Amino acid sequence: MSIIIKSFIDIKKIRIVSRIVSEVLFYISKYIKPGVSTGEIDFICNKRIIDYHKAFPACLGYMDYPKSICTSVNDVVCHGIPNFDQILKKGDIINIDVAIVKNKYYSDASKMYFVGKPSQLSFDLCRITYNSVIKALKYIGPGKKLNIIGKIIQDYVEKNGYSVVRNYCGHGIGKKLHEEPQVLHYYSNINDNIILKSGMIFTIEPMVNVGSYKTKVMDDGWTVKTVDGGLSAQYEFTVLITDYGYEILTF
């Protein structure tokens, strides 16, 4: 396994594109309301990325993915394809995943949005998912073991009665959208020998389900749903390991 330690120049350029990702996720928030289609959300993000930031949506065309962002609503775990026929309704929850490339460097992040007032279940699910990332962040730093990230997330999520998706994970990022290492969100001894070092950049992005952690891929080849129709939530951050701890690049 070859994990790339980023140089000063690498980090500087990844910070730039990370700020763009963060701005787009903030910008789109005012458009998340009942009656708006996920296709419109994709269109707005595409224009913001290309026309305003002079960057490019990394998802568009990636392994033939047809849209600029991913929009995962309710029981969609990840990789939901925006559609002008999919209209958001009051009480929905939606994850918007934005990956961008600029000057040959990538960054990637996602967050949850409430469409109107959420149910208590939706609110609690999103709160637990977000908090699981924060708890993992408090652990990380140089000299720490990579696989403990997954243990912290899994322990916290399951203690609160939810489950962590196993099929998808975080990843290194830099001059490619997906680099080593894989960052699992549950405990495994697969990466037991990987020690975090200053200059590593990767995503932490747990997907948390109300019911079973198991998932299914729909006929479009992209959309991933919970097997039991339960709600799912995800938060994703691009994170830099520093000499003294960590820095969230997608703030």
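How many cavities of 30 Å³ or more does a search of the whole structure find? The search finds 1 such cavity, where a cavity is a set of points on a 1 Å grid over the protein atoms alone at which a 1.4 Å probe fits but cannot get out. This is a predicted model, in which local features need pLDDT of at least 70 and side-chain atom pairs count only at pLDDT 80 or more, while totals for chains, interfaces and linings use all residues. Residues are numbered from 1 along each chain as its sequence is written, and side-chain values use heavy atoms, with hydrogens and water left out.

## Empty space

Rolling a probe the size of a water molecule over the atoms shows where empty space is left. The largest cavity holds about 30 Å³ of space, a volume being the space filled by probe spheres set on the grid points, which are joined across faces, edges and corners. Its lining is made of L146, N147, Q182, L184, S188 and N191, where lining residues have an atom within 4 Å of a point.

A pocket, by contrast, is an open set of points with protein on both sides within 12 Å along at least five of seven lines. The largest pocket has a volume of about 490 Å³ and is lined by 24 residues, of which Y62, H79, H171, H178 and E205 lie nearest its centre. The elements that give two or more residues to this lining are β4 (93-102), β7 (170-172) and β8 (179-183), and β8 gives the most, with 3 residues. Here helices (H or I, at least four residues) and strands (E, at least two) are DSSP runs, numbered from the N terminus.

The second largest pocket has a volume of about 200 Å³, and its lining includes S22, L25, F26, Y130, Y235 and F237. The elements that give two or more residues to the lining of this second pocket are α1 (8-27) and β5 (105-114).

| Space | Volume | Lining by class |
|---|---|---|
| Largest pocket | about 490 Å³ | 12 nonpolar, 7 polar and 5 charged residues |
| Second largest pocket | about 200 Å³ | 7 nonpolar, 3 polar and 2 charged residues |
| Largest cavity | about 30 Å³ | 2 nonpolar, 4 polar and no charged residues |

## Aromatic rings

A pair of aromatic rings is described by the distance of the centres and the angle of the planes. Rings of Phe, Tyr and Trp (its six-membered ring) pair if their centres lie within 6.5 Å, and planes under 30 degrees apart count as stacked, over 60 as edge-to-face and the rest as tilted. A search of the whole structure finds 5 aromatic pairs. One of them joins Y65 and W222 edge-to-face, at 5.0 Å centre to centre and with 80° between the planes. Because Y65 lies in the loop between β1 (56-57) and β2 (70-73) and W222 in the loop between β11 (215-217) and β12 (224-226), the pair ties together parts that are 157 residues apart in sequence. Y65 counts as buried, at 3% relative accessibility, where buried means under 20% relative accessible area, exposed over 50%, and partly exposed in between (1.4 Å probe, protein chains only).

The rings of Y130 and F237 also form an edge-to-face pair, since their centres are 6.2 Å apart and their planes stand at 65°. Y130 lies in helix α3 (residues 120-139) and F237 in strand β14 (residues 237-241), so this pair ties together parts that are 107 residues apart in sequence. Y130 is partly exposed at 34% relative accessibility, whereas F237 is buried at 11%. Together with Y235, Y130 and F237 form one aromatic cluster, and these three residues are also among those that line the second largest pocket.

Charged side chains are placed over rings as well, which is counted if NZ of Lys or CZ of Arg is within 6 Å of the ring centre and within 35 degrees of the ring normal. R48 lies over the face of Y52, at 3.8 Å from the ring centre, and K144 lies over the face of Y139, at 4.7 Å from the ring centre.

## Single residues

S122 is placed in helix α3 and is buried, at 3% relative accessibility. Not counting residues up to four places away in sequence, S122 touches G91, I93, F114 and L231, contact meaning heavy atoms within 4.5 Å.

Definitions and conventions. Nonpolar A, V, L, I, M, F, W, Y, C, P; charged D, E, K, R; others polar.
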